[in-house]
Amino acid sequence: MQRIINYVSGKYGLSITDLNSLDRSINVVECRQMIWLLTSELLNLSSTYIGAKCGLRDHSTVLAGVKRLNGLLYTDKNLMAKKQAYFEYLSNIILRDSELVVSPDILSRIELLEKRIVELERMMK
């Protein structure tokens, strides 16, 4: 999970301190939500665990943030492209990372999510 946090926060130009702060600027909020979404999709972790590891956020905050970002992905092609690029990069890292064990369940979930992304892109055209 730390690898996802470091990668995405770096892409947004934010520090871990920024992410854990109470700052609600659009850049910080979007970065947090992107981390939550990617972590839940790639690692299949609970919202409670994700919230605890990301600035002690409540599970309901994580769920609401993921829902909000998913909604934006339908209408914002740039955000969708950004999310897809991060997902592809991180899924490749996670799959080849020797310190993580990837179950067949996660691999099948990744395949389903990739198909969903393609479908969403087609719908947005």
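**Figure 1. Threonine 39, a buried residue of helix α3.** At 0% relative accessibility, threonine 39 counts as buried. The model shown here and in every view below is predicted. Threonine 39 sits in helix α3. Which residues does threonine 39 touch, leaving aside its neighbours within four places in sequence? They are Met1, Ile4, Asn44, Leu45 and Ile50. Isoleucine 50 lies eleven residues from threonine 39 along the chain, and their C-alpha atoms are separated by 7.5 Å. Asparagine 44, another of the contacts of threonine 39, comes just after α3 and takes a positive phi of about 55 degrees.

**Figure 2. Helix α3, largely enclosed by the rest of the structure.** Of the 18 residues of α3, 16 are buried, so the rest of the structure largely encloses this helix. The end C-alpha atoms of α3 are 25 Å apart. At 1.5 Å a residue, its 18 residues should span 26 Å, which agrees. Isoleucine 35 has contacts beyond its neighbours within four places in sequence. These are Ile4, Ile5, Val8, Ser9, Leu19 and Cys54.

**Figure 3. The largest nonpolar core.** This core has 35 residues. Those with the most contacts inside it are Ile4, Val8, Tyr12, Met34, Ile35, Leu38 and Leu42. The elements that give two or more residues to the core are α1, α3 (26-43), α5, α6 and α7 (104-124). Which element gives the most? It is α3, with nine residues. Ile4 and Val8, both on the list of core residues with the most contacts, also touch isoleucine 35.

**Figure 4. Salt bridge between glutamate 30 and lysine 82.** A search of the whole structure finds two salt bridges. In this one, the closest N and O atoms of glutamate 30 and lysine 82 are 3.2 Å apart. The pair links distant parts of the chain. Glutamate 30 is in helix α3 and lysine 82 in helix α6, 52 residues apart. Are the two partners buried or partly exposed? Glutamate 30 is buried, with a relative accessible area of 16%. Lysine 82 counts as partly exposed, at 29% relative accessibility. Side chains of opposite charge can pair when their charged atoms come close.

**Figure 5. Salt bridge between lysine 83 and glutamate 41.** The closest N and O atoms of this pair are 2.9 Å apart. Lysine 83 lies in helix α6 and glutamate 41 in helix α3, so the bridge ties together parts that are 42 residues apart in sequence. Both partners, lysine 83 and glutamate 41, are buried.

**Figure 6. An aromatic cluster of four tyrosines: Tyr7, Tyr12, Tyr86 and Tyr89.** The whole structure holds three aromatic pairs, according to a search. In one, the ring centres of tyrosine 7 and tyrosine 86 are 5.6 Å apart and the planes stand at 90 degrees, so this pair is edge-to-face. It links distant parts of the chain: tyrosine 7 is in helix α1 (residues 2-12) and tyrosine 86 in helix α6 (residues 77-96), 79 residues apart. Both tyrosine 7 and tyrosine 86 are buried. How are the rings of tyrosine 7 and tyrosine 89 arranged? They are stacked, with 4.4 Å centre to centre and 20 degrees between the planes. This pair, too, links helix α1 to helix α6, with tyrosine 7 and tyrosine 89 82 residues apart. At 19% relative accessibility, tyrosine 7 counts as buried, because the cut-off for buried is under 20%. Tyrosine 89, at 40%, counts as partly exposed.

**Figure 7. Helix α5 and its buried side.** Helix α5 (residues 59-75) has 17 residues. From its first C-alpha to its last, α5 reaches 25 Å, close to the 24 Å expected at 1.5 Å a residue. Which residues of α5 are buried? They are Val62, Gly65, Val66, Leu69, Asn70 and Leu73. These residues cover an arc of only 135 degrees around the axis, which puts them on the same side of α5. An α-helix has 3.6 residues a turn, so residues three or four places apart point the same way. The face of α5 turned away from the buried side carries the exposed residues Lys67 and Thr75.

Note on methods. Residues numbered from 1 in each chain as written. Predicted model: local features only at pLDDT ≥ 70, side-chain atom pairs only at ≥ 80, totals over all residues. Heavy atoms only, no water. Phe/Tyr/Trp six-rings, centres within 6.5 Å; stacked < 30°, edge-to-face > 60°. Helix = DSSP H or I, 4+ residues; strand = E, 2+ residues; numbered from the N terminus. Buried < 20%, exposed > 50% of the residue type's maximum accessible area, 1.4 Å probe, protein only. Expected span 1.5 Å × (residues − 1). Arc of directions from axis to C-beta. Core = buried A, V, L, I, M, F, W, Y, C linked by side-chain atoms within 4.5 Å. Contact = heavy atoms within 4.5 Å. Salt bridge = Lys/Arg side-chain N within 4 Å of Asp/Glu carboxyl O.
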